[in-house]
Amino acid sequence: MKTNELCHVTNTAFHDRLDSESRPFKAKRYWLFTSKLCPFAHRTEIARKLLKLTDIIGLTIAGSIQTSKGWNLADRYQSPDSAPCPIDGVTHVPEIYQRSTLGYSGRASVPILFDTTSNIIINNESAEIVRQLDELAVRLLGYRSLYPSPYRDLIDQHLQQLDNKFIAPIYRAGFSQDQDTYHANFEQVFGYLKTLDQQLKSVPYLAGEQITIVDIHAYCHLSRFDSVYHALYHLNLNYLSSYPNISAYMLRLANIADFADTLDVQTMKAGYFHSWNQPTPGYFVPEGPIVDPRSGLAITPQ
Ligand SMILES: N[C@@H](CCC(=O)N[C@@H](CS)C(=O)NCC(=O)O)C(=O)O
């Protein structure tokens, strides 16, 4: 699969495998670190739940407001799913990178897949982590793969389109420093939504009748569109609720607890509008639009 052109998104440095000879598997040896703000980390939370790996893979969800000290693990997100950080003395994510690779100078991003036995980061690229969790669930639990071989080419095509025609332009528009860059990416985003709405006319999920990994990727960015990207990145031509097939698709996914239970719109929004590296002074969190908490779709007040 060709690498993608995702600007403003952290390029990652850790691409190892979780279940290799050198790291014999045991429950809770592997640990995920995420944040409710991050759509990429969100992918790994949904995969962990959907693939029934919650007793096997540990999880700590950092506080959703990122400061110059990085993601805060001491003030972690409070939920039955979010366990205390298993690494002694660590309070912020950059410390995990330092502990794992002395002198590490890259970005300290989430998600992180960590090995609590050898105390090293295995992987910090969400798409790779999701695929590895899928392989683990198929091998260990005999679970149906969310990346089934007969559909891999189709899934890869959708993943590529999602990354290059929607996700990358969202960040390029939101962080653009001139009208032309903003305009070109604004057009790409709404062009993609029009195409996606057509694609979802005849199928319940992006690769057909079954949920696959591309639906996880799509849900994580689409569920942030109406409540965050519309205002924060000025992608304000339409709300997703004005695309009938995309809306029906998002409500279908939101009816699956393993998707909707991982979405916390208020916490996510507070993260975006208060974090130090977002295009907003962070004085307040916009009150509108009213959104459905399970799909993130804007609701037109009656
Ligand atoms: N390519 C990475 C992107 C991860 C990423 O950009 N995470 C952001 C939050 S959405 C982050 O932690 N940024 C913090 C930083 O880089 O300091 C993936 O898909 O996992």
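Ser145 sits in the loop between helices α3 (126-141) and α4 (152-174); helices (H or I, at least four residues) and strands (E, at least two) are DSSP runs, numbered from the N terminus. The model is a predicted one, in which local features need pLDDT of at least 70 and side-chain atom pairs count only at pLDDT 80 or more, while totals for chains, interfaces and linings use all residues. Residues are numbered from 1 along each chain as its sequence is written, and side-chain values use heavy atoms, with hydrogens and water left out.

Is Ser145 buried or exposed? Ser145 is buried because its relative accessible area is 16%; buried means under 20% relative accessible area, exposed over 50%, and partly exposed in between (1.4 Å probe, protein chains only). The side chain of Ser145 reaches the backbone nitrogen of Tyr147 at 2.9 Å. This is a polar contact, a pair of N or O atoms within 3.5 Å; within protein, one must be able to donate a hydrogen and the other to accept it, and residues adjacent in sequence count only if both atoms are side-chain atoms. Apart from neighbours within four places in sequence, Ser145 is in contact with Asp134 and Val138, where contact means heavy atoms within 4.5 Å.

Next comes the sheet. Four strands form an open sheet in the order β2-β1-β3-β4, with mixed pairing. The edge strands are β2 and β4 (120-123), each of which pairs on one side only. From one strand to the next, the twist averages 35 degrees. Two strands pair if DSSP finds at least two bridges between them. Strands of a sheet pair through backbone hydrogen bonds, either parallel or antiparallel. Strand β1 (residues 30-35) and strand β3 (residues 112-115) pair in the antiparallel sense over 4 bridges. Across this pairing, Trp31 stands opposite Phe114 in β3.

Helices pack on this sheet. Helix α1 (residues 39-50) touches β1 and β2, and its direction makes about 130 degrees with that of β1. Here axes are lines fitted to C-alpha atoms, for helices over the stretch in contact, and angles run from 0 to 180 degrees between N-to-C directions. Helix α3 lies across β1, β3 and β4 and runs at about 85 degrees to β4.

Side chains of opposite charge can pair when their charged atoms come close. A salt bridge is a side-chain nitrogen of Lys or Arg within 4 Å of a carboxyl oxygen of Asp or Glu, and a search of the whole structure finds 8 salt bridges. In one of them, Glu135 pairs with Arg17, the closest N and O atoms being 2.5 Å apart. This pair links distant parts of the chain, since Glu135 is in helix α3 and Arg17 is in the segment before β1, 118 residues apart. Glu135 counts as partly exposed because its relative accessibility is 37%, and Arg17 is partly exposed because its relative accessible area is 41%.

Which residue forms a salt bridge with Lys36? The partner is Glu45, with the closest N and O atoms 2.8 Å apart. Both Glu45 and Lys36 are buried. Arg43 forms a salt bridge with Asp163, where the closest N and O atoms are 3.9 Å apart. Arg43 is in helix α1 and Asp163 in helix α4, 120 residues apart, and the pair links distant parts of the chain. Arg43 is buried, and so is Asp163. Salt bridges that share partners also join Arg48, Lys49 and Asp81 into one network.

The chain as a whole is divided into domain 1 (30-141) and domain 2 (149-274), with bounds that come from an automatic or database domain assignment. The centres of the two domains, taken over C-alpha atoms, are separated by 23 Å. How many residues of domain 1 are in contact with domain 2? There are 19, and they are in contact with 25 residues of domain 2.

Helix α8 (residues 244-254) has several buried residues, among them Ile246, Tyr249, Met250 and Leu253. The buried residues of α8 pack against α5, α6 (213-222) and α9 (257-260). Ala184 lies in helix α5 (residues 179-199) and counts as partly exposed because its relative accessibility is 41%. Asp75, in the loop between β2 (58-62) and α2 (93-100), counts as exposed because its relative accessibility is 51%.
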